[in-house]
Amino acid sequence: MLKRRSLIKAMAATGFGGSLMATLPGCSLNGTKGSSDAARVVVIGGGFGGASVAKYLKRFDNTVDVTLIEPKKSYMTCPGSNWYLAGLVDAKTITHSYDSLRDKHGVNIIHSTVSMVSPAAKQVTLNDGRVLDYDKLVVSPGIEFKYDAIEGYSEDVIEQIPHAYKAGPQTEILYKQIREMPQGGTFIMCPPGNPFRCPPGPYERVSMIADYFKRNNPTAKIIILDAKDKFSKQGLFQEGWKALYGDMIQWISASAGGKVSHIDAKTKTVYTDFGQYKADVLNIIPPQKAGNIAFAAGLTNDAGWCPVDQQTFESTIHPDIHVVGDSSIAGKMPKSGHSAASQGKMCAASIVAKLNGYTIPTAKNVNTCYSLVGADYGISVAAVYQLVDGSIVPVKGAGGVSPTGADASFRKNEANYAHGWYKSITMDLWNS
Ligand SMILES: Cc1cc2nc3c(=O)[nH]c(=O)nc-3n(C[C@H](O)[C@H](O)[C@H](O)COP(=O)(O)OP(=O)(O)OC[C@H]3O[C@@H](n4cnc5c(N)ncnc54)[C@H](O)[C@@H]3O)c2cc1C
């Protein structure tokens with residue numbers, strides 16, 4: 001069992017030190033647990049939430065037996081995938097292996113899919129039939145799409161009309177379609193209503209596609225048919241679009257006729273209450289819900305997301321199962337990779353505290369979302385979150401958004417910070 005001093009040192013490095021020391025005065029860690037009776041934690045999903053939990057469980061208490069289950073051998077991140085669409089980074093830069101988690105941190109990695117969770121038996125079943133016992137289970141499966149929410153769209157047509165909102169083969173399809181679009185053609189994106197993964201994600205994507213078109217297809221048009229009347233960092237995006245791309249990007253809000261009523265997948269025609277739009281390349285981002293396994297495990301509410309204790313991320317439906325990342329309902333935190341990683345650390349700290357019988361630490365969660373509007377034009381939003389009356393709420397005065405009207409060097413610096421943010425978070429989770 002981890003020595004108290006080492007635990008505090010490990011947690012201090014991740015921001016939990018102060019609060020932990022305040023909450024640990026009477027903790028007893030006697031270092032007697034052998035490997036045969038080590039606590040077993042199974043983590044479902046090796047994305048931002050799952051990789052964070054797995055790594056920090058081992059950092060906080062190396063004696064815990066941590067098994068991460070993830071079907072993919074390497075993980076292409078959604079952050080950076082818009083930059084890839086523009087050709088600003090290559091696929092290798094945004095793809096990470098699990099070698100470091102396994103070899104440096106001692107996480108058992110199983111490349112498989114969990115098909116069933118039995119909360120009563122405390123077991124998970126893999127799709128190859130293997131059954132694993134757990135003492136604590138962490139579920140971080142990301143999102144699933146509500147394909148049937150848009151008439152005419154379905155999972156059957158995603159190779160022709162990609163969402164590209166889970167990075168990987170879908171990103172490659174959109175990458176190719178953009179490059180094959182006829183000169184002067186029309187790219188249409190249909191973003192979903194709230195809540196959804198990465199609120200600025202669709203708008204960074206059109207920015208990056210505009211960046212590509214400006215260089216390679218300058219008469220192309222981009223139309224956004226939105227299910228919302230406003231979006232994240234709207235003023236900043238629109239200021240950047242005007243400055244960099246003139247009139248190339250047209251945003252149509254829901255109330256101005258942007259809400260999609262149905263589509264004709266064959267002709268890539270989108271119908272709204274106000275008219276119809278024919279696309280050469282159509283990118284539909286459907287409404288979302290928690291990952292399928294969260295439903296199979298009975299962890300979701302009527303809205304399709306997972307209610308959790310806001311301090312520990314333990315499910316309020318099934319004890320000893322924690323949910324982090326996009327699938328969870330985490331107060332005011334947006335569904336982002338940075339949020340998921342922050343929640344993962346908090347969740348790991350809570351599990352280690354619970355296993356060792358000391359007070360659960362209260363940590364601050366953080367989120368930063370950088371977006372590139374152009375290759376040298378970055379904007380950002382950041383917030384620190386604390387627990388107030390059982391809810392995760394922003395700390396007033398901490399964080400904020402980039403100013404409007406900033407000069408080119410300010411935007412360039414933010415673009416550089418965006419790349420720096422990406423390097424540091426992926427280094428933390430997969431590569432160090
Ligand atoms: C275009 C785009 C741009 C984005 N940009 C940013 C950004 O700049 N900054 C930012 O912070 N966030 C960004 N995000 C959001 C970020 O990608 C997500 O919020 C983050 O990935 C959520 O982490 P997660 O662990 O919940 O899910 P994921 O990262 O999706 O990981 C879930 C993992 O679980 C696995 N899985 C699912 N079901 C099972 C199962 N049954 N068994 C085993 N494994 C399973 C999946 O294979 C997957 O690897 C962006 C998203 C998009 C789409």
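Phe237 is buried, with a relative accessible area of 0%; buried here means under 20%, exposed over 50% and partly exposed in between, with a 1.4 Å probe and protein chains only. That is where I start today. What you have on screen is a predicted model, in which local features need pLDDT of at least 70 and side-chain atom pairs count only at pLDDT 80 or more, while totals for chains, interfaces and linings use all residues. Residues are numbered from 1 along each chain as its sequence is written, and side-chain values use heavy atoms, with hydrogens and water left out.

Now the rings. The structure holds 16 aromatic pairs. Rings of Phe, Tyr and Trp (its six-membered ring) pair if their centres lie within 6.5 Å; planes under 30 degrees apart are stacked, over 60 edge-to-face, and the rest tilted. Take Tyr203 and Phe231: the ring centres are 3.8 Å apart and the planes at 10°, so this pair is stacked. Tyr203 is in helix α7 (residues 201-216) and Phe231 in the loop between β12 (221-225) and α8 (234-245), 28 residues apart, so the pair links distant parts of the chain. Helices (H or I, at least four residues) and strands (E, at least two) are DSSP runs, numbered from the N terminus.

Are these two buried or exposed? Tyr203 is buried at 0% relative accessible area, and Phe231 also counts as buried, at 8%.

Tyr203 has another partner, Phe237: the centres are 6.3 Å apart and the planes at 55°, so that pair is tilted. Phe237 sits in helix α8, 34 residues from Tyr203. Ring pairs link Tyr203, Phe231, Phe237, Trp241 and Trp251 into a cluster.

Next, the ligand. Of the 35 residues around it, Glu70, Tyr75, Arg197, Asp326 and Gly337 come nearest; a residue is near if one of its heavy atoms lies within 4 Å. The shell divides into 15 nonpolar, 14 polar and six charged residues. Ala, Val, Leu, Ile, Met, Phe, Trp, Tyr, Cys and Pro count as nonpolar, Asp, Glu, Lys and Arg as charged, and the others, Gly among them, as polar.

Which helix gives the most to the shell? It is α11, with three residues.

A polar side-chain atom of Asp326 lies 2.8 Å from an oxygen atom of the ligand. For Ser336, a polar backbone atom is 3.4 Å from a ligand oxygen. Taken alone the ligand exposes 990 Å², and the protein buries 93% of that, by the Shrake-Rupley method with a 1.4 Å probe.

Note on methods. A polar contact is a pair of N or O atoms within 3.5 Å; within protein, one must be able to donate a hydrogen and the other to accept it, and residues adjacent in sequence count only if both atoms are side-chain atoms.
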